[in-house]
Amino acid sequence: RSRDGTRGMVDKVNCDYPPFSRVFVVCNKTQKEEDVRRAFEAYGTVEDVWMVKDRMTKENKGICYIKYDKASAAALAIEALDGKTVGDETKPIKAMIASSKNSPIKTDYNDDSARTRLFVVCPKDFTEADLRAKFESFGDFEYCNIIRDKQSGESKGFGYVKFSRASTAAIAMENCDKSLKAILAEPKAAKFARDAAAAAMAREHQRQVMQESLVFGHGATSPTHIG
């Protein structure tokens, strides 16, 4: 496999699959790749380690990426190694989930609480107790809730499961009943931001409509009636 130290992971390694399986690390510029690999291999199968180098000097920039085969391995490594020293270095590393290379949406999943909630699809006759029974055995279980219609109270066929640790949520996501189609839920902060942006766009559209109505209401000719 050809790599010159300044390129990212080559095509043989899909950086974004599975999601949240790549770790971004801030470290000393003298950090050795073999020490990084040895430390991170303790938490799962490492597919690639990329020590980012300066294009001109070829020296380490003090950052690197570790790609795992599973999201749970990445989460376990972050929980264990963030703030710890690796190899002979005295400076602790900073480890976090790497942003997706291809997604235009840069959602912040680096707050631990943002990676502890799963979105699941469930039968409409499922109760919270049924959902809890599917996930409680993984440990670190906090709560679950099924989303219901505000008027009828009937289940909408999906819900959320919350854990206290990101690694446990990832393990549950990977190993639960596949019919539940569990995925990592969008962080609440990101949803609030998206909803706020949509509301702002709606207000701006309404303002423009009202402004046009005022103009046309004072005798101006509507563009649709010209000619």
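This is a predicted model: local features need pLDDT of at least 70, side-chain atom pairs count only at pLDDT 80 or more; totals for chains, interfaces and linings use all residues.
View 1. Residues are numbered from 1 along each chain as its sequence is written. Local features need pLDDT of at least 70 and side-chain atom pairs count only at pLDDT 80 or more, whereas totals for chains, interfaces and linings use all residues; side-chain values use heavy atoms, with hydrogens and water left out.

**View 2. Secondary structure and surface.** The protein contains five helices and eight strands, defined as DSSP runs (helices H or I, at least four residues; strands E, at least two) and numbered from the N terminus. Their order along the sequence is β-α-β-β-α-β-β-α-β-β-α-β-α. Of the 227 residues, 36% are buried, that is, under 20% relative accessible area with a 1.4 Å probe, protein chains only.

**View 3. The largest nonpolar core.** A nonpolar core is a set of buried Ala, Val, Leu, Ile, Met, Phe, Trp, Tyr and Cys residues joined through side-chain atoms within 4.5 Å. The largest has 21 residues, of which Val23, Val25, Phe40, Ile66 and Tyr68 touch the most other members. Elements giving two or more residues to this core include strand E1 (22-26), helix H1 (33-40) and strand E3 (60-68). Helix H2 gives the largest share, five residues.

**View 4. Surroundings of Ile66.** Beyond its neighbours within four places in sequence, Ile66 contacts residues including Val23, Val25, Val36, Phe40 and Asp48.

Definitions and conventions:
Buried means under 20% relative accessible area, exposed over 50%, partly exposed in between (1.4 Å probe, protein chains only). Contact means heavy atoms within 4.5 Å.
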